[in-house]
Amino acid sequence: VALVPEAAGASATATLCVGPAAGCSATLSTALAHAHDGDTVRVGPGRYAGGVTIDKSIRLVGAGARRTVIRGGGPVITIGRAKDPTGLRVSVIGMTVSGGVATGNGFESRGGGIDIAPSPKFGLGATVTVRDVVVAGNEATATRTADSPSGVKCPKGFCPYARARGGGIANSGRLTVIDSQVRGNRVDGPLSDANGGGIFSQFGSLRVIFSVVSGNRAAPTGIGRFAEGGAIFVDSGALTVHGTRVAGNHAELITSWPINGQGTLIDMNANSGGVHIGDGTNAVVTDTVITGNVAAAVDPVGEPLAFDGALCVCGDSTLRMNNTSVDHNRVYAQPATVEDVGASGSTLELDGPGTITNSRITDNTAVVHTADRQSAATNALAVYDFFDNPRQVTVSDTVIRGNRAVATSDRGTAVAYGAGVLNNSLLTMRRVVIDGNHARAASPTSPTAQGGGIWNGPYLSGPPVRLALEHSTVTGNSVSAGPGVATQGGGVYTTVAITRQHTTIVGNHPDNCFGC
């Protein structure tokens, strides 16, 4: 191991090298064992074995993502230590991290590529910067199951439980990902819960800056009940996404659990093909593109939900979104029925307070199909109040255009509503264009389509429900439900009074506003 002093005195640091050159360590693990706080470990071009732990405050620097590859292990790189993990500061720069398979204790695993571990008492971990790094082709999975810790019953007893989090990166510290790619990672296999195909974060903070998060999957098999956050799953803490592309990620649940276990509903869903933001999180999303992500749930004998193709800001979390495009995301659901769980769909959901400015929510699709029972779909922007505590959401200078909500049933009933906007809380829209959205229902029995542009009123909770439209336009939206079927609210469908100021509602089909 070559040691090159970089500073004199008691606080002197050194540079250690890894590679075939004279005086360098042949393995990364050897260099890390010799490093001290403040040192730099430089890894030359080539492939090096992973399965290493960083427990000192160092800079790990490769020769570039195309030239230095750290591969294998489970995780490839673990960052943490038992003593004072919050004081640990690590930078990982200029390399590819791939081929990691994390299995943890068999039924709890995390961080196939990079795991920023929590403190021993499950508190905040290290502060880490990942720069110019490709985290690709890693996996978090399970090798065995346990009984459901929440006591959920399936037909043969307690539902089997196994959870994996963060196929690419799991973060329990303060993480910044900058100028990097997190792609092609997955949480999959015999899991009940798959959280964060690309990145999982809890406790601290996650910042994703000028990066790409693409092609990641949260897709449990066999015993699956929850597929959440194809790209990113933030359990708690804070999230900042800036100048980033979140594209082509999947949260996908294909299972065969029945509707009821032992007299109670078996809860199942696939949500947030792009980003899932859990309770108590402050989220800021700016100058970002969220495109081509998918949330899909298929169980023809069960009652799974699929929702939020792009983004869920769940629970009491807050969102500030600016100059962001949310487009061409998709929700698909094929349950036995939706009678106990409600409609699948929506592209971007807010359950708490938030602001959306200078953004576009366009060309997103939600399709729900059943064979012989009830089908229901909604789409695009959904503002909900789940806890009888409505919070204010304000959308301004934004376009909501070309979104579709389609509900079909071969032999049952179908309902489609709110293809552009569904409001169940407190929503103000200023200088917003709601244009060309379409809700369609098709079934042999009582198809219903309402609110091609906007559906507004008590739904899951409320009143109060309030909608204010200011200096906005609602044009070219439509609803359809088959020949000879009466439809209502091509532009707006509302069950409570709305406030309109300098707002135009024209050119919608078959009518402009029902309930206004």
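The side chain of Asn423 reaches the backbone oxygen of Arg466 at 3.3 Å, a polar contact being a pair of N or O atoms within 3.5 Å in which, within protein, one must be able to donate a hydrogen and the other to accept it, with residues adjacent in sequence counted only if both atoms are side-chain atoms. The model is predicted, so that local features need pLDDT of at least 70 and side-chain atom pairs count only at pLDDT 80 or more, whereas totals for chains, interfaces and linings use all residues. Residues are numbered from 1 along each chain as its sequence is written, and side-chain values use heavy atoms, with hydrogens and water left out.

Asn423 lies in strand 55 (residues 421-423); strands (E, at least two residues) and helices (H or I, at least four) are DSSP runs numbered from the N terminus. With a relative accessible area of 0%, Asn423 is buried, where buried means under 20% relative accessible area, exposed over 50%, and partly exposed in between (1.4 Å probe, protein chains only). Residues up to four places away in sequence not being counted, Asn423 touches Val383, Trp455, Asn456, Gly457, Val465, Arg466 and Leu467, contact meaning heavy atoms within 4.5 Å.

Strand 61 (residues 466-470) has four of its five residues buried. Strand 56 (residues 426-430) and strand 61 run parallel and are joined by five bridges; two strands pair if DSSP finds at least two bridges between them. Arg430 has Glu470 of strand 61 as its bridge partner. Strand 61 is also joined by three bridges to strand 65 (residues 499-501), again in parallel, and Ala468 stands opposite Thr499 in strand 65.

Ten aromatic pairs are found in a search of the whole structure. Tyr417 and Tyr459 form an edge-to-face pair, 5.7 Å centre to centre with 70 degrees between the planes; rings of Phe, Tyr and Trp (its six-membered ring) pair if their centres lie within 6.5 Å, and planes under 30 degrees apart count as stacked, over 60 as edge-to-face and the rest as tilted. This pair links distant parts of the chain, with Tyr417 in strand 54 (residues 413-417) and Tyr459, 42 residues apart from it, in the loop between strand 60 (454-456) and strand 61. Tyr417 is buried at 7% relative accessibility, whereas Tyr459 is partly exposed at 30%. Tyr459 also forms an edge-to-face pair with Trp455, 6.2 Å centre to centre and with 70 degrees between the planes. Trp455 counts as buried, at 7% relative accessibility. One aromatic cluster comprises Tyr384, Phe386, Phe387, Tyr417, Trp455, Tyr459, Tyr493 and Phe514.

An open sheet of eleven strands shows parallel pairing in the order 10-14-23-28-33-38-43-48-53-58-63. Strand 10 (101-102) and strand 63 (478-480) stand at its edges, each with a single partner strand, so one side of each is left without a neighbour in the sheet. Within this order, strand 23 (residues 186-189) and strand 28 (residues 217-220) run parallel and are joined by four bridges; Asp188 stands opposite Ala219 in strand 28.

Asn216 is placed in the loop between strand 27 (212-214) and strand 28 and is buried at 0% relative accessibility. The side chain of Asn216 reaches the backbone nitrogen of Asn185 at 2.9 Å. Apart from residues up to four places away in sequence, the residues touched by Asn216 include Val182, Arg183, Gly184, Asn185, Gly248, Asn249 and His250.
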